[in-house]
Each structure stands twice: as C-alpha cells, then as structure tokens.
Amino acid sequence: MTRLHTELCDLLEIPTPIIQGGMGPYKTEDLAIAATNAGALGMISSIGMAATLLPEAAPLDAKRIFGDDPPAIILQKSIETVAKRTQSTGGIFGVNVPVSAEFLPASELFVKQVIEARNADSNIEKRLRVLITSAGNPTPWGDVKKHGLIWMHVVPSVYHAKKAERAGCDVIIASGHEGGAHVSWEPVHSMVLVPAVVRAVQTPVVAAGGFCDGQTLAAALCLGAIGIQMGTRFIATKESDFEPIWKQAILDREERQTLVGRGLFGPMRFLRNRRAEMLVEQTLEDVPNFYLGSPVESNETILDLERAGFLDLLDQKMDKALMFAGEVTGRIQDLPTVSELITSVISEAESVLNELSTKFLKS
Ligand SMILES: Cc1cc2nc3c(=O)[nH]c(=O)nc-3n(C[C@H](O)[C@H](O)[C@H](O)COP(=O)(O)O)c2cc1C
C-alpha cells in the first residue's frame with residue numbers, strides 16, 4: 001500500500017496532513033502535545049487566555065481555567081510545556097490567534113509573545129513553526145513571516161481567501177459552515193467552499209469543517225486540499241482538555257443537533273441543548289437581523305457571557321452549558337486516544353484512495 005503524503009507534510013515537515021484546530025476556551029495544551037507527538041500539527045489556543053483583557057469577558061471565570069498569570073505569561077508557559085513534552089518526538093506545533101476586531105489588543109500581544117518565545121530558545125524556534133490567524137482581517141499580519149513563521153489564515157469564502165492570498169499567507173484554511181464555533185454570516189459549506197477556494201487562489205488550501213475520519217480526509221484531497229483541520233473530532237479524544245460533559249455531549253448528539261447563534265465575535269455553532277435554544281431566542285430578540293447577514297452592528301454580535309452560561313459549563317450542568325461543536329458531532333461515537341485517532345484517519349484515507357481507482361475506473 002502507498003503511503004499518504006501531501007504538500008502540507010513537506011511544508012511542515014510532519015508525517016500526516018492533519019491540523020488540530022485551535023479551540024477555545026481552553027489552552028488545548030494536552031491536545032496540542034498529543035497531536036504533535038502523533039505526527040499531526042498540534043495547536044495551542046489563545047482565545048481563552050485573552051479573557052482577562054476583555055471587559056466584555058469579565059463574567060467568564062478565566063482564573064478557574066488559567067490561574068492568576070497575565071495572558072502573555074500563560075501563553076509563554078504553554079509554549080514551554082508543549083515544547084518540553086514533545087521534545088522526544090521532535091514534532092512541530094503552532095499557536096492559534098483569532099484576530100477579530102474585538103480581540104486585537106490581545107492578538108497583538110500573543111503574536112509578539114510567539115515571536116519572542118522563538119527568539120529566546122532555539123528548540124522552540126525549531127518546533128514552534130506555525131501561526132494560524134482566524135476570525136478577522138489577515139492584512140496586518142504578513143510580517144510574521146519575516147520572523148520565520150509559517151503563516152496560515154482561516155477563511156469562510158472565496159472573497160476572504162483572495163484577501164488572505166493578497167496578504168501573503170502560506171496556507172489558506174477554508175472553513176465550511178458546518179464547522180464548530182465561529183462560522184461566517186453566509187452559510188457556505190465545505191463541499192462548495194473548498195473546491196471554489198482551491199480554484200480561486202494559487203496558495204495551498206487546507207479544508208476545515210466536517211472532517212473527522214479517513215473518508216473525509218480522502219474527500220478533502222479529492223476537492224483539491226492538501227490536508228484537513230479538525231476541531232470537533234479532536235474534542236472527543238482521551239487527552240483533550242475539554243470538560244467530560246462536552247466530550248460526552250459530542251458522543252451523544254446526532255448531526256441535526258447543532259444551532260448557530262450569537263457568539264463571541266459574530267455567529268457561532270453550538271451543540272443543541274436548552275441553553276443553546278435560549279441563546280438563539282436571545283439572538284433573535286436582541287439582534288433581529290442576525291440571520292440576515294453582516295449589516296448588524298458589530299457590538300450587537302458579541303455574546304453576553306454571563307447570560308450565555310460559560311460558568312454553568314464549568315459547573316457540569318449539561319442543559320445549561322454552552323458548548324461549541326460542528327455538525328460532524330453526528331459522526332463521532334467513540335473516544336479514542338489522539339494517536340489511535342490519527343492512525344485510523346490515515347489508514348482509512350489510504351484504503352479509500354487506493355480503492356477509488358480500482359472500484360470506479362474501468363479500462
Ligand atoms: C469548541 C471549539 C472551539 C473553537 N475555537 C476556535 C478558536 O479559538 N480559534 C479558531 O481559529 N477556531 C476555533 N474553532 C474552530 C476549529 O479550529 C476548526 O476550524 C473547526 O472546529 C473545524 O470544524 P469541525 O468542528 O467540523 O472539525 C473552534 C471549534 C470548536 C469546536
């Protein structure tokens with residue numbers, strides 16, 4: 001059997017074309033370590049670390065997740081921990097920094113910290129190779145490449161992909177509307193989005209939104225992508241940093257059981273439960289134009305975290321907790337280790353790709 005290998009493996013010098021998506025509100029430190037050691041690109045998530053800097057986020061009990069350190073120190077410690085605990089495999093990892101307008105002061109702080117961490121330690125410089133920006137304007141961030149980082153940016157449309165290409169990013173992550181957490185105003189799903197973006201730009205494209213196994217990895221490659229970024233699938237793994245009720249909810253829900261409502265910056269996809277239904281009711285009450293697209297005022301898009309129930313999440317109340325996840329929740333029924341997951345995704349993708357030509361192409 002041939003071995004699966006793509007341009008993403010060459011670019012990142014990793015054995016698999018799989019990215020573990022950045023996922024707040026946690027640091028995803030344990031997940032990043034497990035993914036990196038298993039041959040994927042592990043990602044540290046910074047969005048939750050920013051909570052203490054944002055007045056809107058004051059009700060989020062960030063200290064319970066992150067302790068008393070200031071955000072830049074939290075990130076620095078996380079980088080050091082991931083570097084240390086992946087030392088033996090020498091894997092490659094990155095940091096995700098959302099760059100939406102509401103988070104810009106935090107985004108600048110985190111990008112600076114990533115650069116400083118690399119400059120200060122040659123081991124970190126060698127292995128913290130990737131910055132993934134998301135949820136905002138790519139244009140101001142091109143300089144990160146001058147510091148030796150591979151820069152990827154997440155986009156929800158062809159329009160935004162062209163903008164990311166003009167900004168000079170190395171890889172575009174095309175993220176379909178079925179994905180978990182932040183989604184675009186306009187519902188364009190991966191099946192349409194990924195090949196459209198691949199055709200529209202010269203920059204290599206990674207597919208995100210709805211990918212969870214070897215079949216979907218093979219599909220992404222058929223659509224012209226060089227790899228996949230998975231979020232929801234990685235939550236339901238033994239090592240993931242997420243609360244047990246969040247993992248269990250992903251195992252329990254079927255594909256129809258997600259909802260899009262007002263999120264931290266624009267729309268977000270949540271697991272459907274009573275709390276998410278209430279959030280949709282609040283969304284319609286507070287921002288009647290929400291589902292009609294971007295003409296709403298940006299401050300109307302910001303979720304009231306206290307009303308939203310993040311504290312209840314940490315208190316383990318299944319009906320009250322707000323939990324982000326993608327539609328792919330309906331395809332996830334097991335809780336493997338990250339290594340088992342990655343091994344099975346790759347071997348299934350290899351079988352699917354091998355079978356396709358023999359099964360469907362007749363000479
Ligand atoms: C719980 C959760 C939190 C997320 N948080 C972030 C984040 O902080 N930054 C980001 O760029 N993407 C975030 N995402 C999106 C993922 O990185 C990934 O692109 C997405 O989950 C892919 O779709 P999938 O859920 O169908 O795999 C989040 C997704 C989930 C499910």
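**Figure 1. The second largest pocket and its lining.** In this predicted model, 14 residues line the second largest pocket. Glu 178, Gly 209, Gly 210, Phe 211 and Thr 216 lie nearest its centre. A pocket here is an open set of points on a 1 Å grid over the protein atoms alone, where a 1.4 Å probe fits, with protein on both sides within 12 Å along at least five of seven lines. Lining residues have an atom within 4 Å of a point. The pocket's volume is about 290 Å³. That volume is the space filled by probe spheres set on the points, and grid points are joined across faces, edges and corners. The lining has 5 nonpolar, 5 polar and 4 charged residues. Ala, Val, Leu, Ile, Met, Phe, Trp, Tyr, Cys and Pro count as nonpolar; Asp, Glu, Lys and Arg count as charged; the others, Gly among them, are polar. Helices α8 (190–200) and α9 each supply at least two lining residues. α9 gives the most, with 3.

Figure 2. Helix α9 spans residues 214–222. Helices (H or I, at least four residues) and strands (E, at least two) are DSSP runs, numbered from the N terminus. Asp 213 caps the N-terminal end of α9. One of its side-chain oxygens lies 3.4 Å from the backbone nitrogen of Gln 215. This is a polar contact (a pair of N or O atoms within 3.5 Å; within protein, one must be able to donate a hydrogen and the other to accept it, and residues adjacent in sequence count only if both atoms are side-chain atoms). Gly 214, Thr 216, Leu 217, Ala 218 and Ala 220 are the buried residues of α9. Buried means under 20% relative accessible area, exposed over 50%, partly exposed in between (1.4 Å probe, protein chains only). Their cover includes β8 (205–208), β9 (228–230) and α15 (338–360). Gly 224 follows α9, with a positive phi near 105 degrees.

Figure 3. Ile 226 sits in the loop between α9 and β9. It counts as buried because its relative accessibility is 10%. Its C-alpha atom is 5.5 Å from that of Val 206, 20 residues apart along the chain. Leaving aside neighbours within four places in sequence, Ile 226 has contacts (heavy atoms within 4.5 Å) that include Thr 6, Glu 7, Pro 17 and Leu 221.

**Figure 4. Helix α2 and its surroundings.** Helix α2 (residues 29–37) is largely enclosed by the rest of the structure, because 7 of its 9 residues are buried. Among them are Glu 29, Leu 31 and Thr 36. The buried residues pack against elements including β1 (18–20), β2 (42–45), α4 (71–85) and α15. Gly 39 follows α2, and its phi is positive, near 95 degrees.

**Figure 5. Thr 16 beside Gly 39.** Thr 16 lies in the loop between α1 (7–12) and β1. With 7% relative accessibility, Thr 16 counts as buried. A polar atom of its side chain lies 2.8 Å from the backbone oxygen of Gly 39. Thr 16 also touches Cys 9, Ala 40, Ile 342 and Ile 346.

**Figure 6. Residues around the ligand.** Asn 96, Ser 134, Gly 210, Gln 229 and Thr 232 come nearest of the 23 residues around the ligand. A residue is near a molecule if one of its heavy atoms lies within 4 Å of it. A polar side-chain atom of Asn 96 lies 2.7 Å from a ligand nitrogen. A polar side-chain atom of Gln 229 is 2.8 Å from a ligand oxygen.

**Notes.** Residues are numbered from 1 along each chain as its sequence is written, and side-chain values use heavy atoms, leaving out hydrogens and water. In this predicted model, local features need pLDDT of at least 70 and side-chain atom pairs count only at pLDDT 80 or more, while totals for chains, interfaces and linings use all residues.
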